[in-house]
Amino acid sequence: MEDGRTMYYRERHGGQPYLLVLDRRGSVRAIRLDRSKTIGREGADCSVDIALTSPITSRRHGEFILKPDGVYYQDLGSTNGTYLNKTLFSKQTEIGTPPIKLNNGDILRIECEDKTEYKNSSVVMVFTNNFDEKTDWVTKNLQDNVGEIHIGRKQSDIQIKNEMVSQNHAKVFQAHRGWALADEHSTNGVLLNGIAVSRPQYLSPGDVFRIADLYFFYTGESIIYPIVRNGENLVIQIKERSVMQKMKKVILLQDANLTVLPGEMVMILGGSGAGKTTFMNAVMGYEKADGKILYGDKDIYTDYEKMKYQIGYVPQQDLLRGSDTVYDTVNDAACLKLPRKTSKEERKQRIEKVLDIVNLREQRNHLVSKLSGGERKRLSVAVELIADPSLIFLDEADSGLDGKHSEELMENARKIANDGKIVMVITHSPDRVARLFDKVIVLAKSARDHAGHIAFYGSIPEAYHFFKAESLDDVVRIINSKELENGKEMADYYIDKYKKYAADKEGK
Amino acid sequence: MQHASRMAQIKIYTKKCFRLFINGKGWTTFISAAIIAVIISAVTGDKTFVTYNDTRNGAFAFVCACIWIGLFNSIQSICGERDIIKREHRTGLHISSYVLAHMIYEMALCLIEALIVTVIISIRNGSHMPEDPLIFPIGMELCVTFFLIIYSSDVLGLAISSIVKTANTAMTVMPFVLIIQLVMSGMIFKLEGITEQIAKITISKWGLQAICSTADAVNLEMTPAQYSLMTDEIKKSYEHTVGHLSGMWAILIAFAMLYGVVSIIALKFVDKDKR
């Protein structure tokens, strides 16, 4: 693709059908319709394939039926019915409606007429047969102090690297009565709830706008949009991580299975002793666990020698020599870590680039011992970045830094992740920097086996919903609480809840 | 994809050591070497290199000073940055390159310190320095011996620094190592049996013999009582021949190499350090 040219969109038919679901969890789920699947309200007695978090959904609300000629939707006689492209086509009949064939881009909604009581309870589902499995969903918060958000292929507020998106494609802006959407004379146009946007249109929560085969969800407070990650996934499959203590095997971590996508910045949260550092060390191959850590087609454990230059690790304490200068520290790291064939000129360029990224160009001739805490930490990051690693781990790298320096460090990490790297961070001040993260892993120490388990993995809005919390500090407090829920300690309650949640999310 | 070779890494780390020496005002170590040499010169009598007894005592004091200087140079140098080494080892650092770089750097440091010690001792004993050196002019010959004692002690310090995990532990171990070197030199006590065998692995024993060999101690003035105690074994130890002196030097070089290997092996376990 040439940088300046936008390709014309042609609708593709016959691809694998998917359902994009946005409910009260606050994030979009992509569910593959590889067989007929029922939808309904989540709960203890939930027996449907796709569980929805919304009180206005019936226990068995509807069904997506896979037939040879396509996918059909049938409302199963639900209380509130289902809207198809804003038209209510079924409500509380005994047998529901006859199945209706779905077309690419159809929008299904479950809404309630009483919008005051059931505010934010709507469910939006988009049917598509052109969806890339590597898609991830990013939430862009709409802040009052921002007047316009530009969407386009060039460097924009929402940058979509897709050849069918124009350089300046559309904008979402604050108008007199709220946020509105306008097409900026793009090649392929914008559809709002299936209708072409020819002049600016006000947005309502639950609206979906579409550019080619990309769907944007407007929630009222944010826009959730898709990005296709380029790079390798990090697949973590840890059965257990144990140590021998007094001739006895002690399990520190158990059943940690998850996938991190390229370009994601992931926070690792958990109480003391939950195994945060154990988990991080196991993932980067520092302390091997029983299991596999796959980065693309390479296993970090068995291919560590090949992988070691791709792993960057910034620990809590600074691993720097105080009597060396900033430049020499980075230069030595470059000499060690860059391939032997790298020319002197290329090495210099790389050093300059890294010093720029961490904003230490002016301090290049300063002795490390004379740097401030924040500068030292940024230098630690520079030493790790020099080999251009794909996986970067920060283990409480912000401890001892004040708020400003801590944010600077995390903003640097965000920039690095935006380049398609995977960044995993343990921090003691999660709420201060939460906006920069894509996902959060919550680890909890089980009262049953005293080992660390995954109690949640997903986006931060999802985490708030999952733990019924208002902040990440709240999440940590909840997970550490000794109070009982359903007869279990909180940690175990959420460990079990997450197992079910993860299985449900995968559409099993 | 190939990265920095072992040789390239030796170069990187040797340069780093010298840079840290300059930036970290490492030259202060030369002041302490000079002070020690001055003190030792002050306490050794005017008859060092003149009489047998004073020469042995003086040589023992020089050996003690050199071992102290050597150990002090390096005993904290590796354990003080163990966490850094662990991280760098995980990202491609060869431990052998790291230790060899330190050994090259320490060699230069020890050479300057040996020069300082030689100059101060030569000034103090200028009028009665040994007149019949074996291999080089007297100043240079003594300097080589001092250098080899300082250097082998320095590499012993590196080995200890590679084995222990903290600077505090290193400083706790150091007096024990010094005491063993002093007691086992054979100068203070007559060693027999197991202690005699242990003495063979001390730097002090061979260093003392090298200095006494250059000074031709057994042919210096001695009292009749001392003469009556002179055994063939002692005469052989202080033999004033090129072969004997070069043998002592070879043993000190072998010690330095052995301690270097110990340092490399010990430091290979750095990955097993717990948090």
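This is a predicted model: local features need pLDDT of at least 70, side-chain atom pairs count only at pLDDT 80 or more; totals for chains, interfaces and linings use all residues.
Leaving aside residues up to four places away in sequence, Glu63(A) touches Ser36(A), Thr38(A), Gln74(A) and Leu76(A). Glu63(A) belongs to strand S5 of chain A. Thr38(A) is 25 residues from Glu63(A) in sequence, yet the C-alpha atoms of the two are 4.1 Å apart in space. Is Glu63(A) buried or exposed? With 20 other C-beta atoms within 10 Å, Glu63(A) is buried, because a residue counts as buried once 20 or more such atoms lie within that distance.

Strand S5 (residues 62-67) of chain A runs antiparallel to strand S3 (residues 37-41) of chain A, and 3 bridges join the two. Within this pair, Ile39(A) has Gly62(A) in S5(A) as its bridge partner. Both strands are part of an open sheet of 5 strands in chain A, ordered S4-S3-S5-S6-S9, in which the pairing is mixed. At the edges of this sheet are strand S4 (50-52) and strand S9 (100-101) of chain A, each of which pairs on one side only.

A further open sheet in chain A holds 6 strands in the order S2-S1-S11-S10-S7-S8, with antiparallel pairing. Which strands stand at its edges? These are strand S2 (28-32) and strand S8 (87-88) of chain A; each has a single partner strand, so one side of each is left without a neighbour in the sheet. The partner of S2(A) in the sheet order is S1(A). Strand S1 (residues 18-22) of chain A pairs with S2(A) in the antiparallel sense over 5 bridges, and Tyr18(A) has Arg32(A) in S2(A) as its bridge partner.

Further along chain A, several strands pair in the parallel sense. Strand S30 (residues 422-426) of chain A is mostly covered, with 5 of its 5 residues buried. Strand S25 (residues 265-270) of chain A runs parallel to S30(A) and is joined to it by 4 bridges, with Met265(A) standing opposite Val423(A). S29(A) also pairs with S30(A) in the parallel sense, over 5 bridges; here Asp395(A) has Ile426(A) as its bridge partner.

S29(A) also pairs with S28(A), again in the parallel sense, over 4 bridges. Tyr313(A) has Phe393(A) in S29(A) as its bridge partner. How do the residues of strand S28 (residues 311-314) of chain A point? Ile311(A) and Tyr313(A) point one way and Gly312(A) and Val314(A) the other way, and all are buried.

Two loop residues of chain A have a backbone feature worth a look. Phi of Asn193(A) is near 50°, a positive value in a residue other than glycine. Asn193(A) sits in the loop between strand S17 (191-192) and strand S18 (195-196) of chain A, and its 19 C-beta neighbours inside 10 Å make it partly exposed. Asp388(A), likewise not a glycine, has a positive phi near 55°. The loop that holds Asp388(A) runs between helix H5 (373-385) and strand S29 (391-395) of chain A. Asp388(A) has 16 C-beta neighbours inside 10 Å and counts as partly exposed.

In chain B, a pair of helices can be followed in detail. Two packed helices are described by the angle between their axes and the distance between the axes. The axes of helix H3 (residues 52-74) of chain B and helix H7 (residues 167-183) of chain B come within 11 Å and cross at roughly 155°. H3(B) and H7(B) are therefore roughly antiparallel to each other, and their crossing is right-handed. From H3(B), the residues Cys64(B), Ile67(B), Trp68(B) and Leu71(B) meet Met174(B), Val177(B), Leu178(B), Gln181(B) and Leu182(B) in H7(B). The residues of this contact divide into 8 nonpolar, 1 polar and no charged.

Finally, the two chains meet each other. Contact between them involves 16 residues of chain A and 19 residues of chain B. On the side of chain A that touches chain B, the residues divide into 7 nonpolar, 2 polar and 7 charged.

Conventions
Residues are numbered from 1 along each chain as its sequence is written. Chains are lettered from A and ligands numbered from 1 in the order in which they are written. Two strands pair if DSSP finds at least two bridges between them. Two residues are in contact if their C-beta atoms, placed from the backbone, lie within 7 Å. Ala, Val, Leu, Ile, Met, Phe, Trp, Tyr, Cys and Pro count as nonpolar, Asp, Glu, Lys and Arg as charged, and the others, Gly among them, as polar. Axes are lines fitted to C-alpha atoms, for helices over the stretch in contact, and angles run from 0 to 180 degrees between N-to-C directions. Angles under 35 degrees count as roughly parallel, over 145 as roughly antiparallel, 65 to 115 as roughly perpendicular and the rest as oblique. A crossing is left-handed if the near helix is turned anticlockwise from the far one by less than a right angle, and right-handed if clockwise. A residue is buried if 20 or more other C-beta atoms lie within 10 Å of its own, exposed if 12 or fewer, and partly exposed in between; C-beta atoms are placed from the backbone.
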